[in-house]
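Please read this explanation with the sequence and the structure side by side.

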Amino acid sequence: SRPPDCHDEGQILLMPIQSQFFDLRERNGVAPNPHHHTMDYLFTLEPRPVPQLVESAVALLMAEHTLLRSRFRGEGTCWAQWAERPGGEVPFQVYDLSKTEDPQAAIEALAAELRRSLHLTDGPLVRFALLQMGKGGADPLADRLFVTVHHLIADGVSMQLLFADFLAVYRQLQRVGEADLPPSTTSVREY
């Protein structure tokens with residue numbers, strides 16, 4: 001279990017890449033909507049995922065990974081980052097797409113909606129959605145977990161670590177009904 005003081009909250013200094021994001025937006029004038037600079041992931045969990053366990057795994061990740069609770073406020077090039085207190089709303093929803101005639105179109109429309117729901121100041125900056133497709137296993141219509149995350153709080157490498165933590169927690173919940181992550185190495189505040 002991680003010590004309680006690892007649950008960072010409050011103001012966090014911007015990382016260089018985050019500062020660059022806001023600087024470039026300001027220098028380039030009109031820029032795409034800053035709230036929707038996202039990365040999307042879609043994967044299958046085996047066996048068929050249990051929504052309550054997925055939600056519990058997401059809640060634990062939100063508590064343990066400070067940047068997932070990040071918010072940003074400011075204007076121009078003067079922006080600040082802060083982390084919400086752990087234990088807030090879990091950005092997880094279940095969507096039943098089993099009766100959809102065109103599953104791919106439904107997934108794309110839902111992904112666009114979830115991307116649009118991310119907001120730098122109001123949050124959240126990550127959303128998890130269990131897409132119930134009505135089939136399981138290796139079937140192309142197996143249930144999927146969709147994740148959209150703002151690039152200000154994650155990149156491809158950090159998402160690999162996050163997914164590893166998610167799977168570890170989810171598997172623990174499946175096996176024993178409770179889960180724990182290994183001790184934190186470096187908090188974002190220390191970094």
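Helices and strands are runs assigned by DSSP, a helix (H or I) having at least four residues and a strand (E) at least two, and they are numbered from the N terminus. The model under discussion is a predicted one.

With these terms in hand, the chain can be described as a whole. Its secondary structure consists of four helices and seven strands. Read from the N terminus, these elements follow the order β-α-β-α-β-β-β-α-β-β-α. The chain has 191 residues, of which 40% are buried. Its accessible surface amounts to about 10,300 Å², and carbon and sulfur atoms account for 52% of that area.

Helix α2 spans residues 51-64 and helix α4 spans residues 156-176; their axes lie 9 Å apart and form an angle of about 130°. How are α2 and α4 therefore placed relative to each other? An angle over 145 degrees would count as roughly antiparallel, and 65 to 115 as roughly perpendicular; α2 and α4 are therefore oblique to each other. The crossing of α2 past α4 is right-handed. On the α2 side, the residues in contact are Leu53, Val54, Ser56, Ala57, Val58, Leu60 and Leu61, and they meet Leu162, Asp165, Phe166, Val169, Tyr170, Leu173 and Gln174 of α4. Sorted by class, this contact comprises 11 nonpolar, two polar and one charged residues.

Helix α4 also holds Met159. Is Met159 buried or exposed? Buried means under 20% relative accessible area; Met159 has a relative accessibility of 1% and therefore counts as buried. Leaving aside residues up to four places away in sequence, Met159 touches Met39, Tyr41, Val147, Val149 and Ala154.

The last topic is the peptide bond. Most peptide bonds are trans. Another cis bond joins Gly123 and Pro124, with omega at about -10°. Pro124 lies in the loop that runs between helix α3 (103-116) and strand β6 (126-132).

Note on methods
Residues are numbered from 1 along each chain as its sequence is written. This is a predicted model: local features need pLDDT of at least 70, side-chain atom pairs count only at pLDDT 80 or more; totals for chains, interfaces and linings use all residues. Side-chain values use heavy atoms; hydrogens and water are left out. Axes are lines fitted to C-alpha atoms, for helices over the stretch in contact, and angles run from 0 to 180 degrees between N-to-C directions. Angles under 35 degrees count as roughly parallel, over 145 as roughly antiparallel, 65 to 115 as roughly perpendicular and the rest as oblique. A crossing is left-handed if the near helix is turned anticlockwise from the far one by less than a right angle, and right-handed if clockwise. Contact means heavy atoms within 4.5 Å. Ala, Val, Leu, Ile, Met, Phe, Trp, Tyr, Cys and Pro count as nonpolar, Asp, Glu, Lys and Arg as charged, and the others, Gly among them, as polar. Buried means under 20% relative accessible area, exposed over 50%, partly exposed in between (1.4 Å probe, protein chains only). Accessible areas come from the Shrake-Rupley method with a 1.4 Å probe; for residues, only the protein chains shown count as cover.
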